[in-house]
Structures are given as structure tokens and as C-alpha cells.
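Hi there,

Here is the structure I promised to pass on. Have a look at it first, and then read on for what turned up.

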Amino acid sequence: QVQLVESGGGSVQAGDSLTLSCAASGRTFTIYSMGWFRQAPGNDRDLVASILRGGTPTYADSVKGRFTISIDNAKDTVFLQMNSLKPSDTGVYYCGVYTYGSANYDSWGQGTRVTVSS
């Protein structure tokens with residue numbers, strides 16, 4: 001199993017920036033990809049950005065050009081740099097990992113809340 005601990009959420013104004021961090025521990029050698037998901041009130045948990053161990057990122061259309069995902073393989077930590085934040089970015093952000101042999105993301109952090117005010 002992989003354990004995940006997120007940090008970096010908070011309350012900001014529209015246009016501000018935040019950086020989220022997610023540190024993995026446990027069987028980290030099984031990690032194939034790490035991702036950030038956002039769950040707004042009343043909505044499903046949606047993928048915001050993901051990155052392979054090799055560094056190839058993908059982004060939801062809503063965050064392209066504003067968010068940057070990066071990974072420090074030596075520290076088993078993934079980051080999400082969020083710039084030009086909008087009120088629609090508000091939600092709980094969860095870090096997830098996709099391990100080799102899995103059909104989907106199979107380990108999750110506890111979530112960190114991001115609130116963007118207009």
C-alpha cells in the first residue's frame with residue numbers, strides 16, 4: 001500500500017497562487033502515476049492533473065496554462081502549482097496514485113481544502 005499526505009491548501013483571493021504538495025510513503029516503488037483531483041461541493045471528484053514517474057503531465061482543460069504539476073521522484077512527492085486561481089477552482093483537492101497492475105487510482109490522501117474568493 002501507498003500512504004499519501006497532502007499539504008498547502010488555504011483560502012485565497014481570485015488571481016492568487018497556491019502550491020499543493022503530496023508526499024508518498026510505503027510501497028512507493030509501485031507508483032506508476034500520481035494525480036491531483038478536485039471535488040467541489042455537490043460534485044464528483046474530477047481529475048485536475050496527473051503525471052507519470054517519467055514526468056509526462058496531463059491537465060484538465062479548465063486548468064491548462066494556469067496549473068503545473070511536477071514530481072520529485074527522489075522524494076516521492078508531487079506538487080501542484082496553481083496560478084491565477086478562480087472561484088471555480090474551489091474544492092477539496094485529493095492526491096491519488098496509480099500503481100502498476102491497477103485498473104485505476106487506488107490510494108488517496110485525506111484531501112486539502114482550497115477556497116478562492118472573488
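A polar contact here is a pair of N or O atoms within 3.5 Å, where, within protein, one must be able to donate a hydrogen and the other to accept it. Please keep in mind that this is a predicted model.

With that in hand, let me start at arginine 66. The side chains of arginine 66 and aspartate 89 are joined by a polar contact of 2.8 Å. A polar atom of the arginine 66 side chain also lies 3.0 Å from the backbone oxygen of serine 84. Arginine 66 itself is found in the loop between strand E6 (57-59) and strand E7 (67-72). Is this arginine 66 buried or exposed? Its relative accessible area is 10%, and because buried means under 20%, arginine 66 counts as buried. Not counting residues up to four places away in sequence, arginine 66 touches Gln81, Met82, Asn83, Ser84, Leu85, Lys86 and Asp89.

Serine 84 is found in the loop between E8 and E9, and is partly exposed, with a relative accessible area of 41%. The phi angle of serine 84 is near 50°, a positive value in a residue other than glycine. Aspartate 76 also has phi near 50°, again positive in a residue other than glycine. Aspartate 76 has its place in the loop between E7 and E8, and at 15% relative accessibility it counts as buried.

Now for the core. The largest nonpolar core has 26 residues, and those with the most contacts inside it are Met34, Trp36, Leu80, Met82 and Tyr93. Two or more residues each come from strand E1 (2-7), strand E3 (18-26), strand E4 (31-39), E5, E7, strand E8 (77-82), strand E9 (91-99) and strand E11 (112-117). E3 gives the largest share of this core, four residues. As general background, nonpolar side chains tend to be buried together in soluble globular proteins. Leaving aside neighbours within four places in sequence, methionine 82 is in contact with Asp16, Ser17, Leu18, Leu20, Arg66, Phe67, Tyr93 and Val114.

How many disulfides does a search of the whole structure find? One. The disulfide joins cysteine 22 to cysteine 95, with an S to S distance of 2.1 Å. Cysteine 22 lies in strand E3 and cysteine 95 in strand E9, so the pair ties together parts that are 73 residues apart in sequence. The torsion about the S-S bond of cysteine 22 and cysteine 95 is about -80°, so this disulfide is left-handed. Both cysteine 22 and cysteine 95 are buried.

On to the sheet. Four strands form an open sheet in the order E1-E3-E8-E7, with antiparallel pairing. E1 and E7 stand at the edges with a single partner strand each, so one side of each is left without a neighbour in the sheet. On average, neighbouring strands of this sheet are turned by 15° against each other, direction ignored. The antiparallel pairing of E1 and E3 runs over six bridges, and alanine 23 in E3 is the bridge partner of valine 5.

- Valine 12 lies in strand E2 (residues 10-13) and counts as buried at 11% relative accessibility. The C-alpha atoms of valine 12 and serine 118 are separated by 9.0 Å, although the two residues are 106 residues apart along the chain. Residues up to four places away in sequence not counted, valine 12 touches Ser17, Leu18, Leu85, Thr115, Val116 and Ser117.
- Arginine 45 lies in strand E5 (residues 45-52) and is partly exposed, with a relative accessible area of 32%. Arginine 45 and tyrosine 93 are 48 residues apart in sequence and 8.7 Å apart in space, C-alpha to C-alpha. Neighbours within four places in sequence aside, the contacts of arginine 45 are Phe37, Arg38, Gln39, Tyr94 and Trp108.

Happy to go through any of this with you.

Best wishes

Key: Residues are numbered from 1 along each chain as its sequence is written. This is a predicted model: local features need pLDDT of at least 70, side-chain atom pairs count only at pLDDT 80 or more; totals for chains, interfaces and linings use all residues. Side-chain values use heavy atoms; hydrogens and water are left out. Buried means under 20% relative accessible area, exposed over 50%, partly exposed in between (1.4 Å probe, protein chains only). Contact means heavy atoms within 4.5 Å. A nonpolar core is a set of buried Ala, Val, Leu, Ile, Met, Phe, Trp, Tyr and Cys residues joined through side-chain atoms within 4.5 Å. A disulfide is a pair of cysteine sulfur atoms within 2.5 Å. Two strands pair if DSSP finds at least two bridges between them. Axes are lines fitted to C-alpha atoms, for helices over the stretch in contact, and angles run from 0 to 180 degrees between N-to-C directions.
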